[in-house]
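Trainee: Could you walk me through this one before I set anything up?

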Amino acid sequence: MKNILSALFAVALFFPIKPLLAQDTLSVVTNDTLPDQQPVTAAPEKTSFKVAVFAPMYLDSVFINGALRTGNSVPRFIMPAVEFAQGAAIAFDTLRLNGKTAEAFIYDSRSYIRPISWLIANHLLDHIDLIIGSVKDPDYRELAYFSKQKNIPFVSATYPNDGGVTETPGMIIVNSTLKSHCEGIFSYLLQKHGTDKIYLVKKKGDERIENYLKEINVRDGKPLLNIKTIPIDSSISSYALWRRIDTTVATVIIGATLNEPLAKNITDASYSIQKKHPLTLIGMPNWDGFKIFGKKDAYTDFPILFTSPHYDGHANLFSDYLIDKYYQLYRARPSDMAYKGFELTYFFTNLLLHYPSNMMDHLNDPQFSVIHDFNFIPIFLDNKNSSVPDYYENKHLFIMHILNGEIDREW
C-alpha cells in the first residue's frame, strides 16, 4: 500500500514535472514548496503565465512528516480531490506551449498550515493568471472574491452553485447550477415527452425544483407542458404512486429531490409500476453518485435518467491518452474526477496561453475541447440591463441514464 501511495502522490503533488509534448519547462508545487513571486515586468506580449489549481486534499491532516497518519489506509474522502489534481497534472504535462512558458501550482485548499486566506494575505497568489478550483464553500467564496478583487479568471470546476457570488465577471461555473439542470430537463421533456403525462414527485415543503420548473414552463406566459405535482411526506409506495397517475398513457416521473433515501424510494415505486406500464423516470444531477444506482441488479433493465454537464464517450485521442498515462502512473483507470481535472485544466490553460488579454471572449471556442464542448453563457442575476455579467455558466447539458449500474448517454 505504501508503494501505491507513493505512486499516487509523487507525480501530481510533490515533484516538478516536465511536459511530454512541450519543450518548455512547467512546474507543479504544493503549499509547502511555494515559489518566490516577483512582480512581472510589463511586456508588449505576455509569454509567461502562472496557473493555480486548488483541490481539498487535507494533506496536513492525512500526512505527518511525510508518512500517513492512518498507517497504510488512504482515507477515501480525499480521493476525489487527489484524482482531480492528478488529472490536472497530466494535462499540464500535455500542453503544447509553442514558445511560451507556464508554471502550474497545485494547492491543497484544505491546508490548515497555509490555507487560502493565508496565501491571499501574504500576496502569494497576486501574480497568478488563472485559478482552477474543485472547491466548495468556504474555499469557493474566498477564491471568487479574490478573483473579483484581482481581476483573475476563476474556473469553478465542480461546485454546482453560484454561492451567492455576484458581480464577478471573471468567474466561470462549469458544473451547471440546479436551475440550469431544470432547464435541461424541461427541454428534453418538450422534445421527447410532450404528449406524455408528466408528474413531479417531491417532498412536502421542498419547493425549489418545482419552482424552477414552473418558472421555465410559464416563461412565455402560459404553460407549455402539463406538469402535475405529487407532494409526499418522506416516502411513497408503488401502490400509492399507481393510484395518483394516469395509467392509460405513457408516464414521466420527475424525482424532484437531492436526497438519496427519497430518490431510492421514488425509484423503487417507479420500478414496480414500469413492469406493467410505460414509465420514464428522470432524477436529479446528483443521482449518479447515489450508491444504490451503482448496483447492477438493483433495477434490472430500467433506465434512470439524469442530467450532467460532463460526458466522456472514451472515443478520442485525448481520452485514450489519459487512460494510458493514468495507468502508467497509478496502475488504475482514471475516475470521473481525473477526467474533469484533465479536461478543464487543458482547456482553460490553452485559452489563457492563446488569448491572454481576452480569454473570457473565447470560452466557447471548441478547438481546445478534449472530451466535449461547452456552452458558457453570461449570467445577469439582478440587473439584466448591465453590460457586466455576474458570472459565466456552462449550459451544455447531456441527458444520461443509469442502466444496470452503468452510466451512458441518453440524449
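Trainee: How many helices and strands does the protein have?
Mentor: The secondary structure comes to eleven helices and 16 strands, taken as DSSP runs numbered from the N terminus, with helices being H or I of at least four residues and strands E of at least two. This is a predicted model, where local features need pLDDT of at least 70, side-chain atom pairs count only at pLDDT 80 or more, and totals for chains, interfaces and linings use all residues. Residues are numbered from 1 along each chain as its sequence is written, and side-chain values use heavy atoms, leaving out hydrogens and water.

Trainee: Where does Ser319 sit, and is Ser319 buried or exposed?
Mentor: Ser319 belongs to helix α10, residues 317-330, and because its relative accessibility is 0% Ser319 counts as buried (under 20% relative accessible area, with exposed over 50% and partly exposed in between, using a 1.4 Å probe and protein chains only).

Trainee: What about α3 against α10, how do their axes cross?
Mentor: The axes of α3 (residues 79-92) and α10 come within 11 Å and cross at roughly 115 degrees, the axes being lines fitted to C-alpha atoms, for helices over the stretch in contact, with angles from 0 to 180 degrees between N-to-C directions. The two helices are therefore roughly perpendicular, a label for 65 to 115 degrees, while under 35 is roughly parallel, over 145 roughly antiparallel and the rest oblique.

Trainee: Which residues make that contact?
Mentor: Glu83, Gln86 and Ile90 of α3 meet Tyr321, Leu322, Lys325, Tyr326, Leu329 and Tyr330 of α10, contact meaning heavy atoms within 4.5 Å.

Trainee: And overall, how much of the protein is buried?
Mentor: Buried residues make up 52% of the 411 residues.
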